[in-house]
Amino acid sequence: RGYARYNYESATGKSSNDLNAPVTYFEVADPVYGLAELPDPADVYLDYDRTHKAVFNLRYKSPKTFGPKIMGSYPLAKFSLSGTFKYYTGRPYTDPESGLLYTERTPDEKEVRMRIEKELAMNGAKTTFYVEGYNLLNDYTWSYSRAFDNSYNTPRWKTDPDGILTYDQYAPYISSQDIYLLSNQPIHWRFGFIVKF
């Protein structure tokens, strides 16, 4: 079994919030210099735009009598393996040096998850043992507000992307910013079981 989903979305406008709205003003007509008119600002992709989103899932589940029979049972029966891949395009952000609104994009986000299950019948109860793996690509998902909407970290993203996870504003007192800048966890696994009576 499997499925695939794809979303195309486009969030455009003058500004994503009232703090970065374009400046407008009214000027009384002057008989000498005339009336000054500001051009209407063009629409831009807003900071919450994710133009492309895609999710792919594939699952295999073995039947009740799958594989070799050993001591009256099928060890590979009622076994399932599933994997899910998610992909999101990055969000627009403003390069503080250029001053142009939302002309840059954060890195695309990718995630792979996997789940392995094995079902057993034990004393009349159905027990399912499972292993789940998260962030199998070990990719970073950046905190948008702290990495790309921040007076200290956003310029560093352009000038020192390899060192951005180290906080060095008051060197030599340096520390890690992983827990502050990253909104996901590194690759990790979970083990568990479910018992149904």
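The patch covers about 650 Å² and is made by L120, M122, F129, F193, V195 and F197. Patches are built from residues with over 30% relative accessible area and no salt bridge, with like charges joined within 9 Å and nonpolar side chains (Val, Leu, Ile, Met, Phe, Trp, Tyr) joined within 5 Å. The accessible areas come from the Shrake-Rupley method with a 1.4 Å probe, and for residues only the protein chains shown count as cover.

Residues are numbered from 1 along each chain as its sequence is written. Because the model is predicted, local features need pLDDT of at least 70 and side-chain atom pairs count only at pLDDT 80 or more, while totals for chains, interfaces and linings use all residues, and side-chain values use heavy atoms, with hydrogens and water left out.

By class, the lining of the largest pocket has six charged, five polar and two nonpolar residues; here Ala, Val, Leu, Ile, Met, Phe, Trp, Tyr, Cys and Pro count as nonpolar, Asp, Glu, Lys and Arg as charged, and the others, Gly among them, as polar.

The second largest pocket has a volume of about 200 Å³. N20, T94, Y102, F148 and D149 are the closest to its centre among the 13 residues that line the second largest pocket. Its lining has six nonpolar, five polar and two charged residues. A pocket is found on a 1 Å grid over the protein atoms alone, as an open set of points where a 1.4 Å probe fits, with protein on both sides within 12 Å along at least five of seven lines, and lining residues have an atom within 4 Å of a point. Grid points are joined across faces, edges and corners, and a volume is the space filled by probe spheres set on the points.

## Salt bridges

Side chains of opposite charge can pair when their charged atoms come close. The structure holds twelve salt bridges, each being a side-chain nitrogen of Lys or Arg within 4 Å of a carboxyl oxygen of Asp or Glu. In one of them, the side chains of R50 and E109 meet at 3.0 Å, N to O. R50 lies in the loop between β3 (44-45) and β4 (52-61) and E109 in strand β8, so this pair ties together parts that are 59 residues apart in sequence. Both R50 and E109 are buried.

A salt bridge also joins the side chains of R115 and E132 (2.5 Å, N to O). This pair links distant parts of the chain, since R115 is in strand β8 and E132 in strand β9 (residues 125-134), 17 residues apart. E132 counts as buried because its relative accessibility is 16%. The side chains of R156 and D168 meet in a salt bridge of 3.7 Å, N to O. R156 lies in helix α2 (residues 153-159) and D168 in the loop between β10 (166-167) and β11 (175-176), so the pair ties together parts that are twelve residues apart in sequence. R156 counts as buried at 9% relative accessibility, whereas D168, at 32%, counts as partly exposed. Salt bridges that share partners join R115, E117 and E132 into one network.

## Positive phi in a loop

Most residues other than glycine have a negative phi. N135 has a positive phi, near 50°, and lies in the loop between β9 and α1 (144-147). N135 counts as buried, at 4% relative accessibility. N138, found in the loop between β9 and α1, has a positive phi near 55°, and N138 is partly exposed, with a relative accessible area of 42%.

Key:
Helix = DSSP H or I, 4+ residues; strand = E, 2+ residues; numbered from the N terminus. Buried < 20%, exposed > 50% of the residue type's maximum accessible area, 1.4 Å probe, protein only.
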